[in-house]
Amino acid sequence: MNRNFAIWLGLMCMTQVALASTDSTLRYANAIYEDNVKSVRFVQTESGFNFPLYMLGSDKKLTLEFDQIKTERDFYQFTLIHCDAYWRPTQGLVKTQFLDGQGYENIDDVGFSSGTLTNYTHYKVDLPTENMMPKVSGNYILVVYRNFDEKDIVLSRRMMILDIKGRVDMELYQSKQVDLRVTHQQVNMTFVVNGDYYMPNPLQDLKTVVLRNGEWDYANFDMKPNVFFGQTFQYNQQLGNQFEGINQFRFFDLRSLRMAMSGVSKRMNIANQKHVWLVQDKSRGMERYFNWADINGKVLYDNKDIPLPAGVILESDYCYVHFSLKAEREFPNPVYIYGEISDWRILESHKLYWNPDAMVYEAVLPLKQGYYNYLYGVLDPETQKLSFMELEGNHAETENNYMTLIYHKNPNLGYDELIAYGLKNTATALR
């Protein structure tokens, strides 16, 4: 792929954002169903933490916002669907049993981009609302759809409603398995149930999920306590609680399109569009671990070219970002860009293409101004997941967030209620 072809590829990417995907079948996962929907954020409103967990009955909020690359406003609504601990729709629980209100809400906070080369419409909503208030804890899928047609789906997001019934104490270690000692991290924990909460059959009805950095595709859904006494359950296995440490995330800074920023090699305007070339990357698979500050794969949308923060959302532009990864050879399997930049998924739009003349992998992505973390991964055809070892390395010292979610089958209605949550970072806890 030469330079002209890379530019053409970028132009094609932006052209195709106007074309909608034809598959609007609901997936009970984080998904975007139309190609012109970009920059989706679903966060805790006050903290901005990108793990959408809400305390049942709290006055705190979650915020959903996204852009659509078009100049006309669409009329969107959203609803919630209750799911079990494995993100399957809960059987036998009707909407009136888990939601108060009318069961849907309009998205009325709409703005239009101003002074940007790429025109877009921005949508935002805070939830829950008076018209749609969760009544029970557990997993929920938030579904955004168009013109009251629940089959015309635009996006879906996972969210969790917590009703605390116990305490989670987490301990993080370099793996205690000899063969994994330098590459993996181990998550041990203790769950202490509140004395007034009754669990008639805990070993069968408890389900525990552990995530690294909020990555659902790499979560452990099968953690089981191996020691329990009274209302205390310990998870201290030597197997099943190991996670690859991977490496600190790579980063680049697009918060300014005027000043020199980290990770940016050059900028150009081509065909009335902004292009940014990143500093060429190389494989870190054989390098020693080096610790630098990252944001654990997240994206922070921001604009340092705007003097007032009120204009950041609508006056931030999109640009074609050119990635280049130096490699000694072409891999037998595809290479992808991964992180919140890819919605934590393997996306064909984020696939890199091999340039044999320059011996580099290349890709061009249309991205909004902000600060980005990312990794490179090679697709494993057997697991259909990304392997990071060859391009990023795998280190037990890596700084990561770990989240624990504990569910219990409600003895009366049979749904999975979320009764405990734990969060810990390896920077302060790794042993």
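1. A residue counts here as buried when its relative accessible area is under 20%, as exposed when that area is over 50%, and as partly exposed in between, with a 1.4 Å probe and protein chains only. Strands (E, at least two residues) are DSSP runs numbered from the N terminus. The model is predicted, so local features need pLDDT of at least 70 and side-chain atom pairs count only at pLDDT 80 or more, while totals for chains, interfaces and linings use all residues. Residues are numbered from 1 along each chain as its sequence is written, and side-chain values use heavy atoms, with hydrogens and water left out.

2. Strand E28, residues 360-368, is mostly covered, with 9 of its 9 residues buried. Val360, Glu362, Val364, Pro366 and Lys368 point one way from E28, whereas Tyr361, Ala363, Leu365 and Leu367 point the other way, and all are buried. In a regular strand the side chains alternate between the two faces of the sheet.

3. As for its partners, two strands are taken to pair if DSSP finds at least two bridges between them. Strand E25 (residues 318-326) pairs with E28 in the antiparallel sense over 9 bridges, and Val321 has Leu365 in E28 as its bridge partner. Strand E27 (residues 353-355) is also antiparallel to E28, joined to it by 3 bridges, with Tyr361 of E28 as the bridge partner of Trp354. E27 and E28 form a hairpin with 4 residues between them, and Met359 in the turn has a positive phi of about 55°.

4. Lys424 is found in strand E32, residues 416-425, and is partly exposed, with a relative accessible area of 31%. The side chain of Lys424 reaches the backbone oxygen of Met170 at 2.9 Å.

Key:
A polar contact is a pair of N or O atoms within 3.5 Å; within protein, one must be able to donate a hydrogen and the other to accept it, and residues adjacent in sequence count only if both atoms are side-chain atoms.
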